[in-house]
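Please examine the sequence and the model shown below. The paragraphs that follow lead from the chain as a whole to particular helices, residues and a ligand.

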Amino acid sequence: MDMGLWATTCILYPAACSMQPETSNLKSIANYLNSMKTIDIKTDSKVSKILIGEKLQNLAGYLPPGKAMIITDENILKYYGDALPAFPVIVMGQGEKSKTLETLHEIFDMLLKYEADRSTFIIGIGGGIVCDVAGFAASVYMRGLRFGFVSTTLLSQVDASVGGKNGVNFRRYKNMIGAFSQPEFVICDGKMLATLDPVEFRAGFAEVVKAAAISNTSLFEYLENNHEAALEMEDAILEKIVYESVRIKAGIVEKDEKETGERRKLNFGHTFAHTIENLTDMLHGEAVSVGMVFAARLSERLGFLDGKGVIRIEELLRNFRLPVALNLDADKVINAMKKDKKREGDAIHVVMLDRIGHAFTREIEYKQLEELLYDLR
Ligand SMILES: NC(=O)c1ccc[n+]([C@@H]2O[C@H](COP(=O)([O-])OP(=O)(O)OC[C@H]3O[C@@H](n4cnc5c(N)ncnc54)[C@H](O)[C@@H]3O)[C@@H](O)[C@H]2O)c1
Ligand SMILES: [Zn+2]
């Protein structure tokens, strides 16, 4: 197959369209998967099951009888194509440039072509980009189809695939068009992380550090003591880290699914990260790393966090080989931030820390933020 032709969304395995894979019995899966841990996220709309330590090979056992379609990208197909259940596969492009309305349009064309209807189950298999796009496509096609994910990057296992936020970028705005809609299940198969590019793997730790920094001192300390083993993918350590991060996110999402208060804490570092992503080629996780250092310094400057707290955050991110500073002109950052400002008028919500393990949101006048950022230069 000529990979060069796959510039955008395309479909594979159409012959398998009507085939239903042999489904395994849920109970028998549970019996031999002693190490698998499940976290239920209970919201008004549904229960979303996060299956940590489950295997891609057992995916079929979680699907309802009937039609399904897979949305994934080329990398997943390259490494795991043979392990996918026999359903039609929509292959979307990679990177933020593919997280667009155009990609959605192409996916809807494919769903129409393969006669997806309200009974079709959508399976997103990939990192945060595939899950964000597949989740949104499933949420709006015919006013919503059932869907679930196999989450294949560290970043998406600990954060992106969990919690029901999905969507696409619009113009220069990240995640501007989207919905809140929970996947029925998320399979987090730790073994799949072995094929990740090491840079992508490390980027995932930014969201882990975020989860710890905003609400769990003991996870933060655990990371301080175990970062090398985590980077070396020691199974037990990595699984604990994924489990604890998901538990933190699940707790927050259950309290505030639609992000009217508590959930905003998960945006620690993100106000700056989104601007950084617009200005550089940094991965999302790398930009979040720099953004968290920025937010921690801001917290210190405003008298909430002590200097030691800032140093611990910087050091931990460095230990995960993540960037902690930007080689960018501060004026450029500030101008871009002004342009990126979405809907908050003259003030924006910035998530700050008053200690490691505790975050709060403060509305800051844009003008004051600008002064503080100049000061921090
Ligand atoms: N919805 C949310 O709550 C939420 C939260 C955090 C981040 N996000 C979004 O997630 C996105 C970033 O996600 P990401 O970091 O997973 O990046 P990604 O989805 O771009 O994946 C990174 C790269 O790794 C490849 N890949 C994925 N799994 C692989 C595997 N197992 N083996 C080999 N290669 C693999 C992909 O093809 C891609 O090239 C951003 O767009 C961000 O906005 C969303
Ligand atoms: Zn993020």
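In what follows, helices are DSSP runs of H or I with at least four residues, strands are DSSP runs of E with at least two, and both are numbered from the N terminus. Counted in this way, the chain comprises 13 helices and twelve strands. The model is a predicted one. Of the 377 residues in the chain, 45% are buried. Among the contacts with a separation of 6 or more, 71% are made by residues 24 or more positions apart.

Ligand 1 is surrounded by 31 residues, of which the closest are Asn-75, Gly-127, Gly-128, Thr-152 and Thr-153. Two or more residues of this shell are supplied by each of the elements α2 (74–80), α4 (128–140), α5 (154–160), β8 (165–170), α6 (198–215) and α10 (284–301). Sorted by class, the shell contains 15 polar, nine nonpolar and seven charged residues.

Attention now turns to helix α9. This helix is largely enclosed by the rest of the structure, because eight of its ten residues are buried. The buried residues are His-270, Thr-271, Phe-272, Ala-273, His-274, Thr-275, Ile-276 and Glu-277. They pack against the strands β9 (173–180) and β11 (347–355) and against the helices α10 and α12.

The packing of helices may be described in geometrical terms. Two packed helices are characterised by the angle and the distance between their axes. For α9 (residues 270–279) and α12 (residues 330–340), the axes come within 9 Å and cross at roughly 110°. Since angles of 65 to 115 degrees count as roughly perpendicular, α9 is roughly perpendicular to α12. On the α9 side, the contact involves His-274, Thr-275, Asn-278 and Leu-279, while α12 contributes Lys-332, Val-333, Ala-336, Met-337 and Asp-340. These residues divide into four nonpolar, three polar and two charged.

The axes of α10 and α13 (residues 366–376) come within 11 Å, with a crossing angle of roughly 100°. These two helices are therefore roughly perpendicular to each other. Here Arg-297, Leu-298 and Arg-301 of α10 meet Leu-372, Asp-375 and Leu-376 of α13. By class, this contact has three nonpolar and three charged residues, and no polar ones.

Is Ile-90 buried or exposed? Ile-90, in strand β5 (residues 89–92), has 27 C-beta neighbours inside 10 Å and so counts as buried, the cut-off for burial being 20 or more. Ile-90 and Leu-111 are 21 residues apart in sequence, and their C-alpha atoms are 8.7 Å apart in space.

Ser-218 belongs to helix α7 (residues 217–231). With 10 other C-beta atoms within 10 Å, Ser-218 is exposed, as a residue is whenever that number is 12 or fewer. Along the chain, Ser-218 and Gly-357 are 139 residues apart, yet a distance of 8.2 Å separates their C-alpha atoms.

Key:
Residues are numbered from 1 along each chain as its sequence is written. Chains are lettered from A and ligands numbered from 1 in the order in which they are written. This is a predicted model: local features need pLDDT of at least 70, side-chain atom pairs count only at pLDDT 80 or more; totals for chains, interfaces and linings use all residues. Axes are lines fitted to C-alpha atoms, for helices over the stretch in contact, and angles run from 0 to 180 degrees between N-to-C directions. Angles under 35 degrees count as roughly parallel, over 145 as roughly antiparallel, 65 to 115 as roughly perpendicular and the rest as oblique. Two residues are in contact if their C-beta atoms, placed from the backbone, lie within 7 Å. Ala, Val, Leu, Ile, Met, Phe, Trp, Tyr, Cys and Pro count as nonpolar, Asp, Glu, Lys and Arg as charged, and the others, Gly among them, as polar. A residue is near a molecule or strand if its C-beta atom, placed from the backbone, lies within 6 Å of it.
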